[in-house]
Amino acid sequence: MPSGYQSVRGARVLLALAIVLLTVLTLLPAGARAASENLRFGTWSPNEPYWGSVAGVDALQARLGRNVEIVNWFQNWGGGSWIAGVQPHLVRAVTDSGRTPLLTWEPWNPALGVDQPDFRLARIADGTHDAYIASFARGLRDLGTTVNLRPMHEMNGDWYPWSGAVNGNTPAEYVQAWRRMHDIFAAQGANNVRWIWSPNNADASASYPLEAFYPGAAYVDVLAVDGYNWGSSTPGFGGWLTFAQVFQDAYDRLKALGPQPIWIAEAGTAPEGGDKAAWVRDMFARAEEMDRLEAIVWFNENKERDWRADSGDDVAAAFSPLLAAVSAPAPAATPSPQPPPISEPAPATAPESAPAPESAPAPASAPAPAPAPASRATPPASSRIEAGAAASSTTRRPSARLRLSASRAVRAGASATLRWSNTGARADTTRRVARWVVLLDGRRVGTIAAGRAQTLRHRVKAAGRHRWRVEGRAADGRRVLAGTLTFRAGPAS
């Protein structure tokens, strides 16, 4: 066959494929594209970044076809310096990959259960641990990059020594302890730390609701929540629950507490009792209706249940941005109780005695997951979410039509210039923007009124990969437009 004919035929085939792809993208719900572009996605990946690597996160990102922008890990106060102290190589493993660090900071020794007098909230509030807290603050300060710190999470449960209902604690002491830690960090100049306050989605007791533990807007940068669908294999935890049944009520309660952005700091679903892939797709569809929701961090481990995002090809495909929004399945017709939370894999207190994870051999210094507590308290009826709960806001998350450009050859210690354009956005969308909020590595570095030059200069403190984000916000604070740009800063000259 003549080569010229082959070229023409090949061009026609490519054109036909392009038309098919364009048609598919056009037919996708608007929310599918918006979810892909605006909602930040993160993960806890077992054993990372404890070894100074995020190779597992990279591999997961490739399998899911979705950017993993946030990496969560856990460090406890009790134990050797390798786990109780700041480990710069852990944070750098995350930031060098262009991702945002989320450090869950836990005042306990995971091997000793919930009754630990040394870590009573009163002892944190009275200054007993001030020296340690100040040292940790200095360690994070000296990293020169933004770190999201999540201390004493799931405090409205009864499975940690800092919970309000155990270990001689009270919610008031929790607030005092949190504020003391926050003030110590401020005194040490650790202004690069963002404070993530993260209760469980359901209260363990009606006497200790999550609202009783709130330290106040001046002490919290991000409101967060943890929650899981335990599936039919754990009927005492509520059976199979939809995403809305797990998170909607807690989300609405967080919105009422303060104006901060909201994260889902831990999420997961078991496979038993329903369609796990459909649950994931529904999660992204529902997330579009949560106007304040900024990020979802997936608990990616086969632990009490197989929570993994890539537990099957169909499940992994459900995380793809092009498949993320579908019609939400109808929830159950009767109320279902919220499941109690899971316990994250806490590193052992001594590397020599820690069993290696089954998935891969661990070096002597790598922490291994500790077993989950033997019992969980099922949340009371007063904290149950009625089945069929729908999102209170119908505002869709905007598409990220901003185009960002930044100065090249940036070096640490020098200023970088960022410019952005919203020429691709519809005129009625652009008119809703009242101000531009600029963030560098997750921390706000500037606010510019609409109508002024869309440019900003800011000093980049550290070498490595960094991330610009620009959000166009309406007068009521809601995001109208958003865009991101990742860049690398070289070492100081």
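Biologist: What should I know about the model before we start?
Modeller: It is predicted, so local features need pLDDT of at least 70 and side-chain atom pairs count only at pLDDT 80 or more, while totals for chains, interfaces and linings use all residues. Residues are numbered from 1 along each chain as its sequence is written, and side-chain values use heavy atoms, with hydrogens and water left out.

Biologist: How many cavities of 30 Å³ or more turn up?
Modeller: Five, from a search of the whole structure. A cavity here is a set of points on a 1 Å grid over the protein atoms alone where a 1.4 Å probe fits but cannot get out. Volume is the space filled by probe spheres set on the points.

Biologist: And how much space is in the largest cavity?
Modeller: About 90 Å³.

Biologist: Which residues line the largest cavity?
Modeller: Among them are Thr 95, Arg 99, Thr 145, Asp 441 and His 466. Lining residues have an atom within 4 Å of a point. By class, the lining has one nonpolar, six polar and four charged residues; Asp, Glu, Lys and Arg count as charged, Ala, Val, Leu, Ile, Met, Phe, Trp, Tyr, Cys and Pro as nonpolar, and the others, Gly among them, as polar.

Biologist: Which strand gives the largest share of that lining?
Modeller: β14, with three residues. Strands are DSSP runs (E, at least two residues) and helices likewise (H or I, at least four), numbered from the N terminus.

Biologist: Changing topic: how many aromatic pairs are there?
Modeller: The count is 31. Rings of Phe, Tyr and Trp (its six-membered ring) pair if their centres lie within 6.5 Å; planes under 30 degrees apart are stacked, over 60 edge-to-face, and the rest tilted.

Biologist: Is Trp 108 buried or exposed?
Modeller: Buried, at 4% relative accessible area. Buried means under 20%, exposed over 50%, and partly exposed in between (1.4 Å probe, protein chains only). Tyr 160 is also buried, at 1%.

Biologist: Which residue has its charged end over the ring of Phe 284?
Modeller: Arg 66, 4.0 Å from the ring centre. The rule asks for NZ of Lys or CZ of Arg within 6 Å of the ring centre and within 35 degrees of the ring normal.

Note on methods
On a 1 Å grid over the protein atoms alone, a cavity is a set of points where a 1.4 Å probe fits but cannot get out, and a pocket is an open set with protein on both sides within 12 Å along at least five of seven lines; lining residues have an atom within 4 Å of a point.
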